[in-house]
Amino acid sequence: MNVICSSEESLYRPEVYRWRERMKLMKPMGEVVVVLPCSMKKPYSNSKSHQKFRRATKGYQEVIVTSPFGICPREMENTFPINSYDVAVSGDWSFEEKKFSGKLLKEYIGDKKIIANVSGGYEEVCREYLDDVVYTAKENRPTSNDSIYNLRNELKKYKKVKGRDRLLNELRSIAIYQFGIVGGEFIQDNTISKGLYHRRIFNDSKQIALLNKDTGFYSLRLPGGEILKNLGINIIEIDFELKTNTLFAPGIQKADKNIIPNDEVVIIRNDEVVGVGKAVLSGKEMEELNNGVAVKIKDRKK
């Protein structure tokens with residue numbers, strides 16, 4: 001599903017606001033952050049410009065500046081809605097766009113070293129909100145050979161982040177975006193990922209989730225439900241035996257008030273995880289309504 005962002009009012013869309021709020025929870029890796037412009041094609045890595053950037057920046061933390069979403073760390077580019085928004089890339093930024101992106105970018109980078117390979121409105125954002133930036137783009141062309149050469153030379157001054165650390169950072173960042181700040185604990189130091197497209201996520205040889213490449217979100221399995229239960233995230237309590245793959249609102253005793261439709265949820269009976277699935281209703285609606293499907297179950301104890 002494309003998210004159409006055709007005017008400055010898009011800054012205030014619920015999914016855009018939620019994205020920016022969750023980006024405040026993200027932390028960059030390594031010694032340096034590379035600031036890059038966005039592209040029309042999504043995910044960004046599919047564009048020719050970002051394929052050039054990535055050959056130069058492999059092993060370093062990248063963050064893409066974009067409006068109306070503000071910023072996108074590279075590891076988050078496959079996550080909805082940043083993976084499917086549609087907006088004209090004109091290079092001209094309004095005051096509000098620069099303010100939202102600039103403040104978020106400054107908060108995200110913190111005290112890290114900064115290399116910015118940007119031009120136009122993206123450069124204006126960096127110059128207004130960031131200090132001590134090294135700019136590498138020549139003649140307002142970040143994709144030119146000279147610009148990429150400058151970017152490579154500047155990055156040689158810093159250590160690359162190890163592949164294993166990059167993987168864990170990516171998996172944890174997605175979990176934090178999906179489940180909140182405590183959700184980072186969903187991914188443990190021994191977590192591994194298998195698969196090239198949809199990726200199966202394992203802890204101690206048990207699959208805890210499937211990372212859906214199309215949405216960028218985790219789809220829980222029962223062992224993953226156990227982890228979320230221990231973290232106190234997205235819990236629904238029932239008092240009957242779960243025998244079908246549909247949970248209706250009248251059967252729910254208690255539901256986490258933070259649950260919103262399409263959230264991954266954990267169903268508990270007598271303090272035991274009996275199922276995991278996707279919410280159809282909000283947590284408040286689950287407790288208050290007397291009819292309707294509340295959760296579509298994807299994995300349950302037989």
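The model is predicted, so local features were considered only at pLDDT of at least 70 and side-chain atom pairs only at pLDDT 80 or more, whereas totals for chains, interfaces and linings use all residues. Residues are numbered from 1 along each chain as its sequence is written, and side-chain values rest on heavy atoms, with hydrogens and water left out.

Across the whole structure, 17 salt bridges were found, a salt bridge being a side-chain nitrogen of Lys or Arg within 4 Å of a carboxyl oxygen of Asp or Glu. One of them joins Glu 128 to Lys 98, with an N to O distance of 3.2 Å. Glu 128 belongs to helix H4 (residues 120–129) and Lys 98 to helix H3 (residues 95–109), so that distant parts of the chain, 30 residues apart, are linked. Helices (H or I, at least four residues) and strands (E, at least two) are DSSP runs, numbered from the N terminus. Residues are termed buried under 20% relative accessible area, exposed over 50%, and partly exposed in between (1.4 Å probe, protein chains only). On this scale Glu 128 is partly exposed, because its relative accessible area is 49%, while Lys 98, at 14%, counts as buried.

A second salt bridge is formed by Arg 172 and Asp 189, at 2.6 Å from N to O. Arg 172 lies in helix H6 (residues 163–179), whereas Asp 189 is placed in the loop between H6 and strand S8 (192–194), 17 residues apart. With a relative accessible area of 24%, Arg 172 is partly exposed; Asp 189 is exposed, at 60%. Lys 298 and Glu 264 make a further salt bridge, in which the closest N and O atoms are 2.4 Å apart. Because Lys 298 is in strand S17 (residues 293–300) and Glu 264 in strand S15 (residues 264–269), this pair ties together parts that are 34 residues apart in sequence. Lys 298 is partly exposed, with 37% relative accessibility, and Glu 264 is buried, with 4%.

Pairing requires at least two bridges between two strands in DSSP. S8 and S9 run antiparallel and are joined by 3 bridges, and Ser 193 has Ile 201 in S9 as its bridge partner. The hairpin formed by S8 and S9 has 4 residues between them, and Gly 195 in the turn has a positive phi of about 115 degrees. S9 also pairs with strand S10 (residues 206–212), in the antiparallel sense and over 5 bridges; here Asn 203 is the bridge partner of Lys 206 in S10. In this hairpin 2 residues stand between the strands, and Asp 204 takes a positive phi near 50 degrees. S9 is largely enclosed by the rest of the structure, because 4 of its 5 residues are buried.

Buried positions also occur elsewhere. Val 65, in strand S3 (residues 61–66), is buried, with 0% relative accessibility. Its C-alpha is 9.4 Å from that of Cys 126, although Val 65 and Cys 126 are 61 residues apart in sequence. In helix H7 (residues 222–231), the buried residues include Leu 222, Gly 224, Ile 227 and Leu 228. Gly 232, which follows H7, has a positive phi near 75 degrees.

Two cis peptide bonds were identified in loops. The bond from Ser 67 to Pro 68 has omega near 10 degrees, and Pro 68 is in the loop between S3 and strand S4 (70–73). The bond from Phe 80 to Pro 81 has omega near 5 degrees, and Pro 81 is in the loop between S4 and strand S5 (85–86). Positive phi values are also found in residues other than glycine. Asp 132 has a phi of about 55 degrees; this residue lies in the loop between H4 and strand S7 (133–135) and is exposed, at 74%. For Asp 271, phi is near 65 degrees; Asp 271 is in the loop between S15 and strand S16 (272–279) and is exposed, at 59%.
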